[in-house]
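Please look through the structure shown below with the following report at hand.

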Amino acid sequence: MTRLRTPATIAASLALVLTVAGCGASVSDDKDKRDENATADGGKGGHYPVTITNCGTETTYDKAPERVVTNDVGITEIMFALGLEDRMAGYVMPDDKGDLDAVPYKDAYDKVPWLSKREINRELVLDARADLVFAGWNYGFRESEGFTPAALKKLGVGSYLLTESCRNGVGKARGVMSPLDALYTDLRTLGKIFDVEERAEKLVRDYQRQIADAAARAPKERPTVFLYDDGRDKPFTSGRYAGPHDIITKAGGDHVMKDLKDSWVTVGWETVVERDPEVIVINDYGDTSAAQKRKFLLDYPPLAGVSAIRNKRIFTLDYADLVESPRNAAAVTALGDYLRSVRRDGNRPR
């Protein structure tokens with residue numbers, strides 16, 4: 001399908017290319033280190049065993065997993081950013097996640113098998129002879145389908161949960177820390193599991209530096225921002241534990257749904273109207289294009305009085321910019337540029 005590529009999303013991609021390019025030199029060094037360690041210690045490596053904590057569960061690894069299956073674009077690109085495509089048996093991803101030829105990980109995407117464009121399931125994982133599944137609650141793992149870490153464990157397959165999706169207390173609310181901290185946590189934890197800790201730390205430092213630079217240029221008066229994922233009767237949006245919260249906040253915005261202690265949630269349009277955001281950020285993915293989402297928002301009568309609609313302040317970011325992923329830092333930069341333009345231009349529609 002055709003994807004809408006706005007100047008801002010192109011700028012975000014370019015910023016990410018520069019960030020990743022600056023990090024790239026250490027990937028082969030880390031791989032050489034892993035190979036040397038494995039040779040010296042009969043395949044396990046002197047680094048092992050290692051014990052990590054993931055979403056409150058402690059796991060010990062006697063060696064690095066060798067056949068990882070990932071679910072969705074952000075999770076897959078976390079592995080790619082760490083230079084771990086050689087440890088992957090494949091990835092599962094719908095074909096609505098943007099132009100993969102335009103991302104810095106094209107070589108990795110070409111190398112690693114695309115196992116399915118449908119939902120991940122037990123049969124697929126077993127066919128791939130996976131030793132680890134990297135997914136999250138409602139990012140692949142679902143009790144309704146019987147596809148859970150506990151079910152995989154019975155089959156001898158390990159699991160790693162995306163930290164953004166960690167269960168938050170009783171029920172199904174997700175998120176236990178700020179979204180960017182979740183990204184840094186996963187990079188560092190996976191770095192430990194796969195013996196690429198130096199690579200992980202360099203990525204974290206580079207992302208933190210890029211985000212700090214954007215935050216330092218944030219407008220003094222923060223525009224209020226609402227994230228629109230999808231939904232006509234009720235909008236699906238981000239709470240404080242999903243990626244958009246930190247992206248909006250670090251970019252210089254005031255996230256109007258920051259009080260929702262969950263990751264991705266459904267709210268009512270009356271709440272959006274009441275909170276009157278000055279900017280709406282569209283999550284570009286799925287069968288409904290960003291252009292169609294924009295038209296719906298502008299034409300939907302209940303939103304006519306909302307500041308963002310009156311002034312046509314609607315900004316688009318790709319799905320992979322907004323879920324936990326290596327693209328988050330570039331998204332902060334791109335949105336930050338837009339929010340500063342909003343404050344410079346006052347109420348002039350954009």
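This is a predicted model: local features need pLDDT of at least 70, side-chain atom pairs count only at pLDDT 80 or more; totals for chains, interfaces and linings use all residues.

Lysine 106 itself is partly exposed, at 32% relative accessibility.

## Other salt bridges

The structure holds 14 salt bridges in total, and a second example joins the side chains of glutamate 143 and arginine 167 at 3.3 Å, N to O. Glutamate 143 lies in the loop between strand 6 (132–135) and helix 6, while arginine 167 lies in the loop between strand 7 and helix 7 (179–193), so this pair ties together parts that are 24 residues apart in sequence. Glutamate 143 is partly exposed, with a relative accessible area of 40%, and arginine 167 is also partly exposed, at 24%.

Lysine 258 and aspartate 254 likewise meet through their side chains in a salt bridge of 2.8 Å, N to O; lysine 258 is partly exposed at 38%, and aspartate 254 is partly exposed at 26%. Elsewhere, salt bridges link Lys202, Asp206 and Arg209 in a network.

## A buried arginine without a salt bridge

Arginine 313 is placed in the loop between helix 12 (307–310) and strand 13 (314–318). This residue is buried and yet has no salt bridge, since the nearest side chain of opposite charge, that of glutamate 278, is 4.5 Å away, whereas a salt bridge has to be within 4 Å.

The largest pocket holds about 570 Å³ of space and is lined by 24 residues, with Thr59, Tyr61, Leu132, Gly158 and Ser159 lying nearest its centre. Strand 1 (50–54), strand 2 (57–61), helix 6 (149–154) and strand 7 (158–161) each supply at least two residues of this lining, and strand 2 gives the most, with 5 residues. By class, the lining has 11 nonpolar, 7 polar and 6 charged residues.

The second largest pocket has a volume of about 500 Å³. Among the 22 residues that line this pocket, Asp72, Asn138, Tyr139, Arg142 and Tyr319 are the closest to its centre, and the lining of the second largest pocket has 10 nonpolar, 4 polar and 8 charged residues.

Note on methods. Residues are numbered from 1 along each chain as its sequence is written. Side-chain values use heavy atoms; hydrogens and water are left out. On a 1 Å grid over the protein atoms alone, a cavity is a set of points where a 1.4 Å probe fits but cannot get out, and a pocket is an open set with protein on both sides within 12 Å along at least five of seven lines; lining residues have an atom within 4 Å of a point. Grid points are joined across faces, edges and corners, and a volume is the space filled by probe spheres set on the points. Helices (H or I, at least four residues) and strands (E, at least two) are DSSP runs, numbered from the N terminus. Ala, Val, Leu, Ile, Met, Phe, Trp, Tyr, Cys and Pro count as nonpolar, Asp, Glu, Lys and Arg as charged, and the others, Gly among them, as polar. Buried means under 20% relative accessible area, exposed over 50%, partly exposed in between (1.4 Å probe, protein chains only). Lys and Arg count as positive and Asp and Glu as negative; His and the chain ends are not counted.
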